[in-house]
Amino acid sequence: EGIEIDLRGEVTSTNTVLKELAEQGRPEGLVLIAQSQVKGKGRLGRSFYSPQGQGLYMSILLRPELPAEDSLAITTAAAVAVAEAVSRVTGRQAMIKWVNDVYLEGRKICGILTEAAIDFENGKLNYAVLGIGVNILEPPGGFPPEISETAGALYREEAPADTRTRLAAEILNRFFGFYRALPEHSYMDAYKKLSLLTGLEITFQQGQETWEGTVLGIDNEARLVVRLDSGEEKAFSAGEVAIVKK
Ligand code: BTN
């Protein structure tokens with residue numbers, strides 16, 4: 001089975017359009033790349049700023065033969081693929097901020113949003129749409145104020161020719177390599193090594209609850225292992241992390 005790339009101009013959201021194509025029965029390996037998105041979606045109902053020509057906005061259709069809970073592994077493998085691809089293309093080391101934000105020089109340059117459709121008859125994934133957004137260039141007027149503290153791009157004013165294409169190719173090659181061997185978790189060692197948070201003091205938030213502590217690392221289930229200030233060791237599987245600035 002191969003990869004088919006569908007290039008679009010402006011779309012609502014590559015995830016939304018690809019989900020429609022998935023519902024029409026299109027096969028695994030269909031990749032949608034857009035010039036811009038007017039309704040780019042982020043995690044937790046946020047929007048993803050996706051101006052024309054400034055980034056790579058890409059979604060990948062997958063039909064994995066896996067239990068639904070394994071869809072988490074798709075996102076984790078994608079984060080490794082993006083971090084490695086960005087490092088390769090820019091020559092600078094990208095890192096992963098748990099769970100799946102990719103950072104370069106202290107700023108978030110990529111977000112990943114996986115949307116899955118589950119078949120309730122057998123508990124299996126019907127399909128998953130893996131959405132990857134990479135900021136290649138800083139927008140001329142800067143990022144919108146609500147993300148200007150954290151957002152960054154691979155380049156300031158000008159990117160080397162073909163950056164978007166090279167980045168897409170490097171990401172797809174790496175991701176499909178991991179994906180074909182997904183149950184083996186071949187990306188996990190790299191995921192641990194690329195962890196931006198390891199060794200840092202953080203505050204952790206889950207709903208109304210917050211904790212403070214130091215990140216010890218990431219375990220084999222991709223949980224964030226934290227030494228809490230109380231001395232207790234705790235492994236988190238979901239939540240929001242803030243780095244404590246000193
Ligand atoms: C996040 O950081 O919260 C996730 C951002 C995911 C953005 C990508 S861009 C391509 C795909 N289409 C979308 O609407 N979202 C994802």
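The centres of domain 1 and domain 2, taken over C-alpha atoms, are 25 Å apart. Domain 1 covers 4-193 and domain 2 covers 201-243, with bounds that come from an automatic or database domain assignment. What you have here is a predicted model, in which local features need pLDDT of at least 70, side-chain atom pairs count only at pLDDT 80 or more, and totals for chains, interfaces and linings use all residues. Residues are numbered from 1 along each chain as its sequence is written.

**Where the domains meet**

- Six residues from domain 1 and six residues from domain 2 make up the contact; two residues are in contact if their C-beta atoms, placed from the backbone, lie within 7 Å.
- On the side of domain 1 that touches domain 2, H2 and helix H4 (188-193) are the elements that give two or more residues. Helices (H or I, at least four residues) and strands (E, at least two) are DSSP runs, numbered from the N terminus.
- H4 provides the largest share of that side, three residues.
- By class, that side of domain 1 has four nonpolar residues, one polar and one charged. Here Ala, Val, Leu, Ile, Met, Phe, Trp, Tyr, Cys and Pro count as nonpolar, Asp, Glu, Lys and Arg as charged, and the others, Gly among them, as polar.

**The nonpolar core**

- The largest nonpolar core holds 62 residues, and those that touch the most other members are Ala77, Ala78, Val82, Ala83, Val86 and Val102. Such a core is a set of buried Ala, Val, Leu, Ile, Met, Phe, Trp, Tyr and Cys residues joined through C-beta atoms within 7 Å.
- Buried means that 20 or more other C-beta atoms lie within 10 Å of a residue's own, exposed means 12 or fewer, and partly exposed is in between, with C-beta atoms placed from the backbone.
- Helix H2 (residues 71-90) gives the largest share of this core, twelve residues.
- The core lies between domain 1 (4-193) and domain 2 (201-243), because both give residues to it.
- Not counting residues up to four places away in sequence, Ala77 touches Phe175, Phe178, Tyr179, Leu182 and Tyr187.

**Strand E7 and its partners**

- Ten of the twelve residues in strand E7 (residues 124-135) are buried, so the strand is mostly covered.
- On one pairing, strand E3 (residues 55-62) runs antiparallel to E7 through eight bridges, and Leu56 has Val134 of E7 as its bridge partner. Two strands pair if DSSP finds at least two bridges between them.
- Strand E6 (residues 107-119) also pairs with E7 in the antiparallel sense, over ten bridges, and Leu113 stands opposite Gly131 in E7.
- The hairpin of E6 and E7 has four residues between the strands, and Gly123 takes a positive phi near 70 degrees there.

**The ligand shell**

- The ligand is surrounded by 20 residues, with Ser13, Gly42, Gly111, Gly131 and Gly133 the closest. A residue is near a molecule or strand if its C-beta atom, placed from the backbone, lies within 6 Å of it.
- Helix H1 (14-23), E3, E6 and E7 are the elements that give two or more residues to this shell.
- Six nonpolar, ten polar and four charged residues make up the shell.

**A look at Ala116**

- Ala116, found in strand E6, is partly exposed because 17 other C-beta atoms lie within 10 Å.
- Leaving aside neighbours within four places in sequence, Ala116 is in contact with Ala68, Ser71, Leu125 and Ala128.

- E4 and E5 run antiparallel, joined by four bridges, and Lys97 has Asp101 in E5 as its bridge partner.
- E5 and E6 form a hairpin with two residues between them, where Glu105 in the turn has a positive phi of about 50 degrees.
- Glu105 counts as exposed because it has 12 C-beta neighbours inside 10 Å.
- Leu44, in the loop between strand E2 (30-37) and E3, is a residue other than glycine with a positive phi, near 55 degrees.
- Leu44 counts as exposed, with 6 C-beta neighbours inside 10 Å.
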